[in-house]
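Here is a friendly walk through one protein model, with the sequence and structure to hand. Let us follow the strands, then the helices, and then a few individual residues.

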Amino acid sequence: MNLTEIRKWETPRNCQRPKENQKTQSLNFTIMSYNVLAQGYIETMPYLYYKCNEENLKWQNRKERLFNQFKMSNADIVCLQEVEVDYYYKTYLSYFQSQGYDGVFKQKTQGKIDGCATFLKKCKFSLKEDHSLEMLKNGIDLLNRDNIALISILTPFKNPDKQICIVNTHLLYNRKREDVRLAQLQVLLAEINRVACKNTNYFPVILCGDLNLTPSSKLYSFLSQGRLKYEHLDIKKLTDCDSQKIGKTFLPKELYISDSCQYLQELKQNNCIEEEIFSSGTLTHKFAFKSVYNSDKFPKVRLNSICHNLVDYILYSNIDEKLNKHEKQELILIERLRLPTYKDCLKIGPLPNSQNGSDHYYLEARFRWNCE
């Protein structure tokens, strides 16, 4: 089965194509998110890829296919996960620079071999700020992992006064530790809130990455709905239970991150201190993310040699703080690159293969940014 025949651009339901005669200063751009699979993990965990042809696991072959995909996509913003440190400097950076991109990279902590890389086309955007976030916090059990995030503030050349926040992250893989992923999300959302908010006004936010959470999970619901009552959930799995409940306190107060996923300092500056900002039993956030790929339409993708639920995402958010709404529509989804269906995955077979250089499929979306 030819992947290029499957992966066509499509307009999601309820997405209206912008009118050509609309007199607004706008910018159309594409963004890719792709877990490219670190070669070191293939070599240290070969049992995950025993169904794959050995030739498809060799770096030189995978590299050719990955870079063919980059070239074919030609996305304006590229967010990559599992980029090996050595290959970033020797291979990825040199390629993207030769294609007119600027790039930033953050290695995972604790000596891990890989990290996240974000690239942007210099003809469309300039990198105003870049922030790296380490989710490892000494002495805190829920935050003792090596995961990281890159948060970049970009400005368009069409209007340098406007800014957009691009987030690239890779959360914990362990499927049994939803609590750790929730803690990582709380820290990440607090940092996004700090970086993407200036004088109580928020920039549009696009969150990309391998989040290792499924569309049916409470974590996805938390991201999309902006609220999670955790007090009575299982202490690790975040499922409804009768024993081993989390209780009122989730993250320790010494982190100074409130249950509204904001730093205490930010709340003080904006005079938003409430009675129960810690240990309330409920987490909230302001972003109300929408997913480019509707979870009901794309329930499964191929990961390694097994079909799993969707774990990679491009999420986006518009916030008009003055009106306390999420309907500003400064950032509009126009199109997305179609994902293979479950039946397609069965026909294509295990990944990586002769067409796809990773054990994930890349995601890509086209947005219209009304950057007046």
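## The sheet and what surrounds it

Strands β4 and β5 run antiparallel and are joined by seven bridges. Please keep in mind that this is a predicted model. Within this pair, G103 stands opposite F119 of β5. Six residues lie between the two strands of this hairpin, and Q110 takes a positive phi near 60° there. On to the next partner: β3 and β5 also run antiparallel, with six bridges between them, and C79 has T118 of β5 as its bridge partner. How many of the eight residues of β5 are buried? Eight of the eight are, so β5 is mostly covered by the cut-off of under 20% relative accessible area.

Seven strands make up an open sheet with mixed pairing, in the order β1-β18-β19-β2-β3-β5-β4. Its edge strands, each pairing on one side only, are β1 (9-10) and β4 (101-107). Elsewhere in the sheet, β2 (residues 26-35) pairs with β19 (residues 363-370) in the antiparallel sense over eight bridges. L27 has W369 of β19 opposite it.

| Helix | Strands | Angle |
|---|---|---|
| α3 (residues 59-73) | touches β2, β3 (77-84) and β19 | about 165° with β2 |
| α4 (residues 85-98) | lies across β3, β4 and β5 (114-121) | about 155° to β3 |

In soluble globular proteins, nonpolar side chains tend to be buried together. In this model the largest nonpolar core has 105 residues, and those with the most contacts inside it are I31, F70, L80, Y92, F119, I206 and F367. Helix α5 (residues 178-195) supplies the largest share of this core, 10 residues. Another core, of five residues, lies apart from it and has L37, Y49, C52 and L57 among its members.

Leaving aside its neighbours within four places in sequence, Y92 is in contact with V36, W59, L66, F67, F70, L80, V83, Y87 and F119.

## Cysteines

How many disulfides does the structure hold? The count is zero. C79 is in no disulfide, and the nearest cysteine sulfur, that of C208, is 4.1 Å away; a disulfide would need the sulfur atoms within 2.5 Å. C79 counts as buried because its relative accessibility is 0%. C371 counts as buried because its relative accessibility is 0% too.

## Two loop residues

Is N56 buried or exposed? N56 sits in the loop between α2 (39-44) and α3, and it counts as buried because its relative accessibility is 11%. The side chains of N56 and R65 are joined by a polar contact of 2.9 Å. Beyond its neighbours within four places in sequence, N56 is in contact with R62, R65, P352, N353 and S354.

P160 belongs to the loop between β7 (148-156) and β8 (164-170). With 55% relative accessibility, P160 counts as exposed, because the cut-off for that label is over 50%. P160 and S126 are 34 residues apart in sequence, while their C-alpha atoms are 8.5 Å apart in space.

Notes:
Residues numbered from 1 in each chain as written. Predicted model: local features only at pLDDT ≥ 70, side-chain atom pairs only at ≥ 80, totals over all residues. Heavy atoms only, no water. Pairing = 2+ DSSP bridges. Helix = DSSP H or I, 4+ residues; strand = E, 2+ residues; numbered from the N terminus. Contact = heavy atoms within 4.5 Å. Axes fitted to C-alpha atoms, helices over the stretch in contact; angles between N-to-C directions. Buried < 20%, exposed > 50% of the residue type's maximum accessible area, 1.4 Å probe, protein only. Core = buried A, V, L, I, M, F, W, Y, C linked by side-chain atoms within 4.5 Å. Polar contact = N/O pair within 3.5 Å; in protein donor to acceptor, adjacent residues only side chain to side chain.
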